[in-house]
Amino acid sequence: EFDPIPLGGSLDLYVGTWKYENAETNEVFMVKLKKFDNFTILSHNFGTVLIGEYSYKKNGITIYDSIDSVSGITTNNQAVKTSILCTGKQNYNNLLLSVSDKTYYKAASGKLSYSLIRNNVHTLKWKIAESEGDFDVGPDYKEGLSIPSDIVLIKVEE
C-alpha cells in the first residue's frame, strides 16, 4: 500500500529513470523524465515542466524506444515534440500527464503521482487513458493504447 510523503512542492522527485516490469505479461516499460524551463506551446508559457521519453519492450521485442533522446533536449522546439509532458500547478502530488503513444499515434492523458514506500523505494503511479475527442477512425485504428496505462514505476536511476 502507498504511504505518500509530503513533497515540499518540487518536481525534482520525479526526475530520473523509472521502470515497470511485469513477468506475467513479459513487458518492460521505462520512462525518463527531466525538468525543462519556460516550456511554451502556442505562446502559452507553462513555466517549468517535466518532459520525457519512454521505451517499451514486450516479449523481448522493442516496440518503441526513444528514452535516450531526452538527455539532449535543449530547445523548446525539441521539448514540445517529446512523448511525455507533465505539468503541475502547485499540486506536485498529482501531476497532469500527457503522453504520445508513438506506436498507435494517439494522444493519452492522465495523472502521475509520486510516493515513497517501505524500504525507501521511490515510486510513480502512472494512470492514463486515450484522450477524448472527435477523430476519424481509419483502417489502421487499434483499440486502446500500445503502452501500459495503469501501473506503478520504480525509480532505477537519478
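Reply: Here is a walk around one tyrosine and some residues linked to its surroundings. This is a predicted model, in which local features need pLDDT of at least 70 and side-chain atom pairs count only at pLDDT 80 or more, while totals for chains, interfaces and linings use all residues. Residues are numbered from 1 along each chain as its sequence is written, and side-chain values use heavy atoms, leaving out hydrogens and water.

Let's start with aromatic rings. Rings of Phe, Tyr and Trp (its six-membered ring) pair if their centres lie within 6.5 Å; planes under 30 degrees apart are stacked, over 60 edge-to-face, and the rest tilted. By this rule there are eight aromatic pairs. One of them is tilted: tyrosine 54 with tyrosine 64, at 4.9 Å centre to centre and 40° between the planes. Tyrosine 54 sits in strand β3 (residues 44–58) and tyrosine 64 in strand β4 (residues 61–65), so this pair ties together parts 10 residues apart in sequence. Strands are DSSP runs (E, at least two residues), and helices likewise (H or I, at least four), numbered from the N terminus.

Tyrosine 54 is buried, with a relative accessible area of 0%. Buried means under 20% relative accessible area, exposed over 50%, and partly exposed in between (1.4 Å probe, protein chains only). Phe29, Tyr54, Tyr56, Tyr64 and Trp126 make up one aromatic cluster.

Now for serine 66, in the loop between β4 and α1 (76–79). Serine 66 is buried too, at 13% relative accessibility. Leaving aside neighbours within four places in sequence, serine 66 is in contact (heavy atoms within 4.5 Å) with Glu53, Tyr54 and Ser83.
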